[in-house]
Amino acid sequence: PFTFAPGDTQVVVGAIIIGQGSDRLSSISALKFFDTFAQDAFDKDFDLSPPPPNPQVHVTELDRKVILSWDSGAESFSERGYTFEGYNVYQGESIVGPWHLLETFDMVNNIQIIFDEEFDREVGVVIEKPIQTGSDVGLSQFIELERDRLKDTPLINGKRYYLAVTAYAFGEPTRPKTLESPRNSC
């Protein structure tokens with residue numbers, strides 16, 4: 001509550017939060033979970049960390065092979081408790097997805113599988129689940145692909161494939177624990 005005299009001004013911040021569960025009660029649980037992120041943003045005065053920058057990807061098309069290579073600019077990312085952790089390579093069913101993880105290249109630092117809270121719509125509760133799955137293999141700035149991993153067939157010359165490379169960062173104790181750059185088809 002606040003007093004509002006004539007001529008005064010007051011800043012009012014509102015949020016519309018939607019939570020869809022499998023029924024009305026789980027929808028309320030979803031709403032409460034998503035509200036924690038809105039409250040966290042408000043508590044930080046909306047000064048939130050952006051994700052790491054997208055890697056600049058270069059595509060080389062060869063005979064039944066594609067080579068993706070990218071810059072290392074995201075590796076210097078460190079902001080508000082988050083530091084760069086690795087790259088994910090995806091193949092999409094279309095230019096907008098759905099996306100399927102092909103490979104993860106992460107730093108060798110004993111940070112491998114990163115768990116975080118996520119709302120499980122089927123069960124209707126918040127659960128800890130793997131969000132990023134590194135394996136301490138080390139970083140790479142390229143990958144050679146000879147197979148369509150969605151169909152498990154060799155690549156076909158002239159066929160369009162939807163591929164994306166993202167950078168992700170890890171922070172603890174932050175919320176969420178990881179930030180990932182957008183999946184832009186290359």
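The questions below move from the whole chain to single residues.

Me: What should I know about the model and the numbering before we start?
Reply: This is a predicted model in which local features need pLDDT of at least 70 and side-chain atom pairs count only at pLDDT 80 or more, while totals for chains, interfaces and linings use all residues. Residues are numbered from 1 along each chain as its sequence is written, and side-chain values use heavy atoms, with hydrogens and water left out.

Me: How many helices and strands does the protein chain have, and what counts as one?
Reply: The chain has 1 helix and 12 strands. Both are DSSP runs numbered from the N terminus: a helix is H or I over at least four residues, a strand is E over at least two. In sequence order the pattern is α-β-β-β-β-β-β-β-β-β-β-β-β.

Me: Why is the chain called more spread out than a compact globule?
Reply: The radius of gyration is taken over C-alpha atoms, and the globule rule is 2.2 Å times the number of residues to the power 0.38. For 186 residues the rule gives 16 Å, and the chain has 21 Å, well over that value, so it is more spread out than a compact globule. The C-alpha trace spans about 75 × 40 × 35 Å along its principal axes.

Me: What share of the residues is buried, and what does buried mean?
Reply: Buried residues make up 32% of the 186 residues. The word means under 20% relative accessible area; exposed is over 50%, and partly exposed lies in between (1.4 Å probe, protein chains only).

Me: Why is Gly 21 given its burial class?
Reply: Gly 21 has a relative accessible area of 2%, so it is buried. Gly 21 lies in the segment before α1. Its contacts, not counting residues up to four places away in sequence, are Ser 26, Ser 27, Phe 119 and Arg 121; contact means heavy atoms within 4.5 Å. Gly 21 and Phe 119 are 98 residues apart along the chain, with their C-alpha atoms separated by 8.7 Å.

Me: What is noted about the backbone of Phe 46 and of Asp 136?
Reply: Phe 46 has a positive phi of about 60° although it is not a glycine. Asp 136 also has a positive phi, near 55°. Asp 136 sits in the loop between β7 (125–133) and β8 (142–145). Its relative accessibility is 15%, so Asp 136 counts as buried.

Me: What makes Trp 70 and Phe 105 a tilted aromatic pair?
Reply: Rings of Phe, Tyr and Trp (its six-membered ring) pair if their centres lie within 6.5 Å; planes under 30 degrees apart count as stacked, over 60 as edge-to-face and the rest as tilted. The structure holds 7 aromatic pairs. In the pair of Trp 70 and Phe 105 the centres are 6.2 Å apart and the planes are at 45°, which makes it tilted. The pair links distant parts of the chain, with Trp 70 in strand β2 (residues 65–70) and Phe 105 in strand β5, 35 residues apart. Both residues are buried.

Me: Which residues do ring pairs link into a cluster?
Reply: The cluster consists of Phe 33, Phe 34, Phe 37 and Phe 119.

Me: How do you know that the charged end of Arg 183 sits over the ring of Tyr 90?
Reply: The rule asks for NZ of Lys or CZ of Arg within 6 Å of the ring centre and within 35 degrees of the ring normal. The charged end of Arg 183 sits over the ring of Tyr 90, 4.1 Å from its centre. That of Arg 175 sits over the ring of Phe 37, 4.8 Å from its centre.

Me: What makes a nonpolar core, and how many residues has the largest?
Reply: A nonpolar core is a set of buried Ala, Val, Leu, Ile, Met, Phe, Trp, Tyr and Cys residues joined through side-chain atoms within 4.5 Å. The largest has 20 residues, and Leu 68, Trp 70, Tyr 87, Val 89, Ile 143 and Leu 145 have the most contacts inside it. The elements that give two or more residues to this core are β2, β4, β5, β8 and β11. Leaving aside neighbours within four places in sequence, Val 89 is in contact with residues including Leu 68, Trp 70, Phe 105 and Ile 143.
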